[in-house]
Amino acid sequence: TTRERDEKNLPAPTPALQPANNVVTATALVFSKDRPLQLDAALRSFSLHCRDAASVRVKVLYTTSSPAFASAYEQVQREHRAVEFIREQNLRADTLRLVAGADKILFVVDDTIFVRDFAMAKFTAALDAQPEALGLSLRLGRNTTNCYSLARPQALPAFAPAPHGLLGYAWPGAECDFGYPLEVSSSLYRVSEILPLLETLAFTNPNTLEGRLSELAAKFSASRPCLLCPEISVAFSNPANKVQSTFNNRAGHDPALSPEELAALFAQGHRIQIGDFSDFTPNGAHQEVPLKARQIGTPSPALAAQQPEAAPAPRSDEPEMRRRLAIRLGLAQPLAVEEFFRVLETFEQMLQQNDLLAFAEKNRARLTPAFFALFAENIDEVRRDGNTPLADQLERSEEHTSELQSRLHLVCRLLL
């Protein structure tokens with residue numbers, strides 16, 4: 001709340017990016033507990049791979065079990081200022097409130113990683129075009145031949161072509177994950193159908209929520225017997241650890257990947273290298289894959305004892321900067337400008353991970369030719385400055401040194 005934020009001297013969250021004509025394709029509700037490092041990877045991989053991420057309202061419903069985890073989540077909030085963070089008070093009441101008012105809801109959990117490009121508008125349109133579909137799974141596809149939860153292979157269902165290049169299949173009677181149509185790790189549903197169902201259920205955490213949903217799936221076997229999915233899944237859950245004891249779900253047991261150890265890495269400035277997962281093809285909806293983290297920020301060993309330094313205030317000339325960028329790059333629509341800035345934010349993160357060329361190739365399709373040309377012209381300077389301490393960048397800057405507050409603004413200066 002605003003009162004709690006003032007008491008902790010936290011910066012007010014940046015308003016979510018607004019798409020053109022206020023068109024919102026979906027709301028993404030991310031459930032999270034004690035996993036700041038994994039949550040950060042989930043949010044960054046979503047921003048990287050969702051082509052129309054600016055049209056999705058991303059909300060994180062989180063809880064923590066200690067002051068150390070709480071401090072880490074405050075840092076996650078600072079690094080994802082376009083995301084709305086809600087501290088859990090009552091999970092059921094909070095979920096119902098956050099789902100209400102949306103048209104489509106994408107449920108996500110914090111160990112989800114998005115691995116290939118997709119468009120939310122295409123997914124929501126496919127649901128609209130196929131009324132017999134109960135939902136759309138981002139974690140299933142022709143590649144998901146293993147059921148991690150049961151530690152066994154699973155047969156692929158009989159797929160049929162579906163709208164917008166997707167696949168559809170009959171989930172009643174399907175094996176393992178394919179016969180589990182109501183889940184909360186990375187699936188899209190119509191709020192008009194899922195909200196009345198949620199209102200009938202008693203649940204206290206995401207695991208009991210998913211368990212109650214699965215018990216009622218048969219209710220839709222006649223009216224909504226189809227489930228949609230992409231040819232190859234675009235997301236998977238990496239169950240490196242477990243943060244609940246309600247269900248004895250299968251998960252990794254490596255002590256180095258415990259929630260406490262990963263939170264300590266996060267406090268030291270480490271972030272998961274999401275570029276390593278781009279175009280990764282998981283063999284199931286869940287798969288244990290090594291989490292490679294690299295230190296890209298300043299270590300904060302006392303993160304639990306003191307608040308991180310407040311983020312710099314926004315540039316006062318940001319509207320003018322956006323206008324000039326739009327003119328320079330021929331971006332006439334507000335959505336294009338907002339998407340451009342979202343891409344730049346992801347660019348800054350990839351810059352810190354020294355993966356510029358991979359980022360450029362990955363985002364070639366979504367960037368304008370003018371931007372890509374300017375990017376190519378300045379790549380050497382951006383790479384050099386990206387590996388230079390920020391203080392040195394400021395000293396060498398020939399103008400607006402007091403306003404150049406991040407590598408993002410450095411890139412904007414180069415483009416302008």
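**View 1. An open sheet of nine strands with mixed pairing.** In this predicted model, local features need pLDDT of at least 70 and side-chain atom pairs count only at pLDDT 80 or more, while totals for chains, interfaces and linings use all residues. Follow the strands in the order E3-E2-E1-E4-E11-E6-E12-E10-E9. At the edges sit strand E3 (84-87) and strand E9 (160-161), each pairing on one side only. Strands here are DSSP runs of E with at least two residues, and helices are runs of H or I with at least four, numbered from the N terminus; two strands pair if DSSP finds at least two bridges between them.

**View 2. Strands E4 and E11 side by side, paired in the antiparallel sense.** Five bridges join E4 (residues 104-109) to E11 (residues 186-190). Look for Lys104, whose bridge partner in E11 is Arg190. Residues are numbered from 1 along each chain as its sequence is written, and side-chain values use heavy atoms, with hydrogens and water left out.

**View 3. Helix H5 (residues 120-129) lying across the sheet strands E1, E2, E4, E6, E11 and E12.** H5 runs at about 50° to E11; axes are lines fitted to C-alpha atoms, for helices over the stretch in contact (heavy atoms within 4.5 Å), and angles run from 0 to 180 degrees between N-to-C directions.

**View 4. Asn205 in the loop between helix H6 (191-199) and helix H7 (206-215).** Asn205 is buried, with a relative accessible area of 16% (buried means under 20%, with a 1.4 Å probe and protein chains only). Its side chain reaches the backbone nitrogen of Thr208 at 2.8 Å. Leaving aside neighbours within four places in sequence, Asn205 is in contact with Leu91 and Thr246.

Note on methods: Buried < 20%, exposed > 50% of the residue type's maximum accessible area, 1.4 Å probe, protein only. Polar contact = N/O pair within 3.5 Å; in protein donor to acceptor, adjacent residues only side chain to side chain.
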